[in-house]
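Subject: Structure for you to look at

Hello,

Here is the structure I promised to pass on. Please open it first, then read my notes below.

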Amino acid sequence: MKRVRLAFTPTPIVHAAALDALVGAKVFVKRDDMTGGAEAGNKIRKLEYLVAEAQAQGANVLLTCGAVQSNHARATAIVAARLGLRAILFLRTDLGPTSVETPAPKAALPTAGNALLDRLVGAEIRLVSPADYATRDIFLGAAAERLRGQGERPYVIPEGGSNGLGALGYVQCAREVRAQVDLGLVDGAKGRPFAFDEVAVACGSGGTVAGLALGAPIARLAPRVRSVSVCDDAGYFRGVVERIVRQARGYDAALVEEAEVCFDDAALGPRYGAMNQEQRAFLVKVARETGLLLDPVYSGKALHAVHLAARRGELDAESRVLFIHTGGLPGLLAEGDAFAGEL
Ligand SMILES: *Cc1c(COP(=O)(O)O)cnc(C)c1O
């Protein structure tokens, strides 16, 4: 499939004894928080395929959606600015006035974190209530139809960039890790049937897990992918990932096998975007003892879930985990108040 090069790759894979000790397993961190500058994170790998299709169709405006502090919406907005495209972001909020039809009034928009970056690069933002957001595929389609009527050429990217085409970004990431292993860049991986015992990653819209589940067998990374839910639950994500896997196979006949996916709900915490006390303390301890910064919405919960799996005995000190650090730093910077008690 066609791909626009947007990410700075290969991203490093780092291993530190101090982190192993905190987690309770050997943790190899794939630094996908370093796929770029302000646009960095996992979304940029999916956008390489999605934006290639948009460009092939001659699109001049990208439409997408997410939470008000969405990393995906921010990555899309920055990429759009880089390529000279317009971006319209539909962002979910339960505060203030909302409308899927009109740009949000400036005074209603945040000035921190991802939303600040969206606004700096000139994305148009529409605020959407949680009830309307449930119909996102419908209002995105309707907005695209209206733009077409005005002579524009819109391209709709689903939430999180998570469809079969976007998931190819993480099949590609799996191949990238295999090349790093073959170059001898991962301690103790050479000569094993699988370089790792599992791949672990946060799951918010399913595309990253779907891509890794398809890429792991091809690249002989691991027999299992731990999919750490940060919202919804295992039953919901089983269906979502299955659908994306099916779509992705339509693009690449080589995607025959699929790793076992372990849908792990142990790190949900109080709700999407919020951590419990133990999760916050873990994030701060990791930062202070290893210098690795995780975000509270995704990567912090995901690494905590790996730690909980080790505590339950599903992993031990010799288990080899490829942890995908998916980024999210701007979200952390917008949530400073939640950490005031830990500082
Ligand atoms: C979107 C996101 C995820 C989840 O990836 P999905 O493909 O949406 O499941 C994980 N971490 C970060 C930082 C993200 O922004």
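Start with alanine 134. Its relative accessible area is 60%, so alanine 134 is exposed, the cut-off being over 50%. Please note that this is a predicted model. Alanine 134 sits in a loop, with α5 (130-133) on one side and α6 (136-149) on the other. Now find arginine 92. Along the sequence, alanine 134 and arginine 92 are 42 residues apart. In space, their C-alpha atoms are 9.7 Å apart.

Next, turn to serine 227. Is serine 227 buried or exposed? Its relative accessibility is 0%, and buried means under 20%, so serine 227 is buried. Serine 227 belongs to strand β8, which covers residues 224-229. Which residues does serine 227 touch, if we skip those up to four places away in sequence? They are Val201, Cys203, Val209, Val261, Cys262, Phe263 and Asp264.

Now the nonpolar cores. The largest one has 101 residues. Within it, Phe196, Leu303 and Leu322 have the most contacts. Helix α7 (residues 164-182) gives the most to this core: nine residues. A second core is separate and has 13 residues. Leu63, Cys65, Val100 and Leu147 are among them.

Take a closer look at leucine 303. Leave aside its neighbours within four places in sequence. Leucine 303 is then in contact with Leu19, Val23 and Val27, and also with Phe282, Val286, Leu294 and Phe323.

Then zoom out to the whole chain. What does its secondary structure come to? There are 12 helices and 10 strands. Along the principal axes, the C-alpha atoms fill a box of roughly 60 × 50 × 35 Å.

A few totals to finish:

- Of the 343 residues, 56% are buried.
- Take the contacts with a separation of 6 or more: 79% of them join residues 24 or more positions apart.
- The chain exposes about 13800 Å², and 53% of that comes from carbon and sulfur atoms.
- There are 39 positive and 38 negative charges, and their mean positions are 4 Å apart.

Best wishes

Methods: Residues numbered from 1 in each chain as written. Predicted model: local features only at pLDDT ≥ 70, side-chain atom pairs only at ≥ 80, totals over all residues. Heavy atoms only, no water. Helix = DSSP H or I, 4+ residues; strand = E, 2+ residues; numbered from the N terminus. Buried < 20%, exposed > 50% of the residue type's maximum accessible area, 1.4 Å probe, protein only. Contact = heavy atoms within 4.5 Å. Areas by Shrake-Rupley, 256 points an atom, 1.4 Å probe, with all protein chains shown as cover. Lys, Arg positive; Asp, Glu negative; His and termini not counted. Charge placed at Lys NZ, Arg CZ, Asp CG, Glu CD. Core = buried A, V, L, I, M, F, W, Y, C linked by side-chain atoms within 4.5 Å.
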